[in-house]
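Subject: Structure handover and notes

Hi,

Here is the structure for your files. My notes follow below it.

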Amino acid sequence: MRCLAVCQDELVIRMLDEILLPGFEVEFIIENKPLARRLHDAGVGVITGDPRRTDTFLKADLGPSTCVIIEDNGRRSPRKILEAVRDAGGTLVYLLGIGPSATTKRSEEFHDEFPDVAYLTMSELFGNPLVTEVSRSMTRARVQQYQRYLSDADRILIMLHNDPDPDAMASGLALRNILRRTKNTAIIGALQGVTRPENLRMVNLLDIHVETMTPETIREFDRVCMVDVQPHYFGGLIDRVDLVIDHHPEQTGYTAVFKDVRADYGSTCTILTEHLRAVDVNISERTATAMLYAIKSDTLFFNRQTNRVDIEAFSYLYPLADAALIRKMEGAEITGERLEYVLKAHQNGGLIDQVFCTFLGTLPREDFIPYVADFFLQLEHVKWTIVAGIVNESLVVSVRNLGYSKNAGEFARRFFGDIGSAGGHRAMAKAVVSMRAFRDKFAIDGTPEIGPKLHELIAQFLHEAPAGERKRETVRS
Ligand SMILES: [Mn+2]
């Protein structure tokens, strides 16, 4: 493709020439004769002429498929040049804004008269890679600090939340990688092991060992790190840690020597991908596969709580991972017993105003509840799902939505925060409350009332005025 650039600044000319030359045929229209000669001698394609005259472009053989870039340094209006280009038949025209006057306001000045002209600014074009590089060096400093701090420990514990999910386990592997340790010197542990079928399949396919810990065994470690979870989760058992890396909202009430908590990230593995890249550690295929699977599963393949950085981490890991293995892990998600609860939810649940609510009764395991909540969110016309069930005398409630409406975490905290643990993100949340507290607070006599009660709470939540002008919720007593 041919490209004509109207520039008078030597630095800009040399830069454009270097960037565009491999893919484009570039020629510069230059007014200043000594500059033109100098650039010509340096091998730059140059046409000397007045860019305010139409015949300069006609002589330069401007056609409808020639791309024209016009430098706008804010000093002299480029209007005359734009007119000349237009009269010569140019249609693919860009203004390249340089200097402090290159703003949106400047681009609007020309928009009415030249609606097809696109305005680019130099800082936009070069800013992103530079900002990424600079923030990478900040991450590098941080990672090198904790690497040094942890380097003299004999054994390190990398603690995960109960029933670890792919993000927790993959984060454990990634951190072990960053610390350049083996499974004997960096132990991945949790108080309760893996139970979900797809996570068990990940454990087997990738040969991950999650050791079951007790308060006593935790104390045997020189250093304790935590990934995908923060110390408050363990209810006072671990209140001082050496390192926390997590993407859940930041909690208080604990001390950590090093901390990297980024609640706007879709997964902990996204944070760890940045750590790995910053210090240039090799990622094994196994770790990359685990991390890629974790990002996919924590963001529901970019369907919820996704950030540009998650997509960047994904594309970085993709060529390093084993895609066939990931397909195999994903296939484990549908099991016979899960389908039974989907059927039960279908029979007992109800869809009102695009909200699907159901109570699944007493369950042997908790994972059926979020599974059913995720499953019904895929259905046509469903925008919210609230799925509850009783596990070990506690009512577990999973809340999901399509992410562009009210906040699921706020719903969980507001109705259940005072009687149990409740929290989550905009698109997904969870509450666990004792059945007794639930019965007392909401005056429930029997379990058949649970489904309708949840419908009532969510309807109240969705119909009320936005935060700030709302009144306290009324609770039936
Ligand atoms: Mn996570």
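Which residues does Cys 225 touch, not counting residues up to four places away in sequence? Cys 225 touches Ile 156, Leu 157, Ile 158, Met 159, Leu 175, Val 241, Asp 242 and Leu 243. Contact here requires C-beta atoms, placed from the backbone, within 7 Å.

Two points on conventions. This is a predicted model: local features need pLDDT of at least 70, side-chain atom pairs count only at pLDDT 80 or more, and totals for chains, interfaces and linings use all residues. Residues are numbered from 1 along each chain as its sequence is written.

Domains and cores

The domain assignment gives domain 1 (2–116), domain 2 (132–331) and domain 3 (336–463). Such bounds come from an automatic or database domain assignment. The centres of domain 2 and domain 3, taken over C-alpha atoms, are 28 Å apart.

The largest nonpolar core has 55 residues. Ile 158, Cys 225 and Met 291 touch the most other members. Another core lies apart from it, with 39 residues, among them Ala 373, Phe 375, Ala 429 and Leu 454. A nonpolar core is a set of buried Ala, Val, Leu, Ile, Met, Phe, Trp, Tyr and Cys residues joined through C-beta atoms within 7 Å. Buried means 20 or more other C-beta atoms within 10 Å of the residue's own, exposed means 12 or fewer, and partly exposed is in between, with C-beta atoms placed from the backbone. In soluble globular proteins, nonpolar side chains tend to be buried together.

Helix pairs

Two packed helices are described by the angle between their axes and the distance between the axes. The axes are lines fitted to C-alpha atoms, for helices over the stretch in contact, and angles run from 0 to 180 degrees between N-to-C directions. Helices (H or I, at least four residues) and strands (E, at least two) are DSSP runs, numbered from the N terminus.

Helix 10 (residues 268–279) packs on helix 11 (residues 285–298) at about 140 degrees, with the axes 8 Å apart. Helix 10 and helix 11 are therefore oblique to each other. For the terms, angles under 35 degrees are roughly parallel, over 145 roughly antiparallel, 65 to 115 roughly perpendicular, and the rest oblique. In this contact Cys 269, Thr 270 and Thr 273 of helix 10 meet Met 291, Ala 294 and Ile 295 of helix 11. The contact residues divide into four nonpolar, two polar and no charged. Ala, Val, Leu, Ile, Met, Phe, Trp, Tyr, Cys and Pro count as nonpolar, Asp, Glu, Lys and Arg as charged, and the others, Gly among them, as polar.

Helix 8 (residues 197–206) and helix 13 (residues 323–331) pack at about 145 degrees, with their axes 8 Å apart. Glu 198, Arg 201, Met 202 and Leu 205 in helix 8 meet Leu 325, Lys 328 and Met 329 in helix 13. Those residues divide into four nonpolar, no polar and three charged.

Backbone

Most residues other than glycine have a negative phi, and most peptide bonds are trans. Asp 353 has a positive phi of about 50 degrees although it is not a glycine. Gln 354 has a positive phi too, about 70 degrees, and is not a glycine. Asp 353 lies in the loop between strand 13 (350–352) and strand 14 (355–362), and Gln 354 is in the loop between strand 13 and strand 14. Asp 353 counts as exposed because it has 12 C-beta neighbours inside 10 Å. Gln 354 is partly exposed, with 13.

Individual residues

Where is Asp 367 placed? Asp 367 is in the loop between strand 14 and helix 15. Asp 367 is buried, with 21 other C-beta atoms within 10 Å. Leaving aside neighbours within four places in sequence, Asp 367 is in contact with Thr 195 and Arg 196. Pro 364 is found in the loop between strand 14 and helix 15. Pro 364 is exposed, with 9 other C-beta atoms within 10 Å.

Asp 374 sits in helix 15 (residues 368–377). Asp 374 is partly exposed, with 18 other C-beta atoms within 10 Å. Asp 374 and Asp 163 are 211 residues apart in sequence and 18 Å apart in space, C-alpha to C-alpha.

Best wishes

How values were computed
Contact = placed C-beta atoms within 7 Å.
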